[in-house]
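Here is a short briefing to read with the model open beside you.

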Amino acid sequence: TSFQESGGSMVFRNRQARVARDGAVEWNDFIGNAGFLSLRATTALAGEGASVIHQVGYAGAGNTVADIDARIIHRAPRTDSSMRMRLTASGQARVVCQGTVAIDPGARGSSGFQDIRGMTFDAAEIDPIPHLEIGTAEVKCGHAVTVSPFDEESLFYLSSRGINEADARKALLQSFYAPLFQKNAGSAAAQEGARFIKRAIQSLE
């Protein structure tokens, strides 16, 4: 698990893992306010029963640029993967996010899922590019990808119920990022995630 508040600097991060039989790896990347971000991650599930969880939280503001490329390759039978990303961008920020789940012909009985969500403010752009490469029919694999502007209607609703605008905006952003931490409440990952959310909210104020 890593949290990085880069203060507008350039961030290059490259992760690679090969997971053996019944092994498990979990990656949590929380990055905010990078002037330029390049994140590359490749996980090969090489042994039967191997699994990976890869979660990315990103907040870009101003003129920041992010290039995210996450890949999970199922090479062995009965392997499991989960890729979850929550991305926000404001100002003139630009995010390009590629997520690939590949299941080799010999990886029967495997399962993989991508869940990529983006929220934009102002003139910012988030471009998700999901890929599923399925080499056998005996698998469960899917993705859910959405990008939408910040929900002003929900903000108005909460404000109409007596919640001030700053608190309402904070609540909506916390709800947006919450799926990254629901299974790890109280863990080091959740603590780092709380720091990340705080910084993300501050960058949008």
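Predicted model: local features only at pLDDT ≥ 70, side-chain atom pairs only at ≥ 80, totals over all residues.

Residues are numbered from 1 along each chain as its sequence is written, and side-chain values use heavy atoms, with hydrogens and water left out.

**Overall fold**

- The protein chain holds 3 helices and 11 strands; helices (H or I, at least four residues) and strands (E, at least two) are DSSP runs, numbered from the N terminus.
- Along the principal axes, the C-alpha atoms fill a box of roughly 55 × 35 × 30 Å.

**Packing, surface and charge**

- Of the 205 residues, 47% count as buried, where buried means under 20% relative accessible area, exposed over 50%, and partly exposed in between (1.4 Å probe, protein chains only).
- Among contacts (heavy atoms within 4.5 Å) between residues at least 6 apart in sequence, 80% join residues at least 24 apart.
- The chain exposes about 9,700 Å², and carbon and sulfur atoms supply 47% of that area; the areas come from the Shrake-Rupley method with a 1.4 Å probe.
- There are 21 positive and 22 negative side chains, and the centres of the two sets lie 6 Å apart. Lys and Arg count as positive and Asp and Glu as negative, while His and the chain ends are not counted.

- Q55 sits in strand β5 (residues 51-60) and is buried, at 3% relative accessible area. Its side chain makes a polar contact of 2.8 Å with that of N28; such a contact is a pair of N or O atoms within 3.5 Å, and within protein one must be able to donate a hydrogen and the other to accept it, while residues adjacent in sequence count only if both atoms are side-chain atoms.
- H131, in strand β10 (residues 125-134), is partly exposed at 32% relative accessibility. Leaving aside residues up to four places away in sequence, H131 touches Q98, G99, T100, V101 and Q114.
- S90 belongs to the loop between β7 (80-89) and β8 (94-103) and is buried, with 5% relative accessibility. S90 and F121 are 31 residues apart in sequence, yet 4.5 Å apart in space, C-alpha to C-alpha.

Terms used: Charge placed at Lys NZ, Arg CZ, Asp CG, Glu CD.
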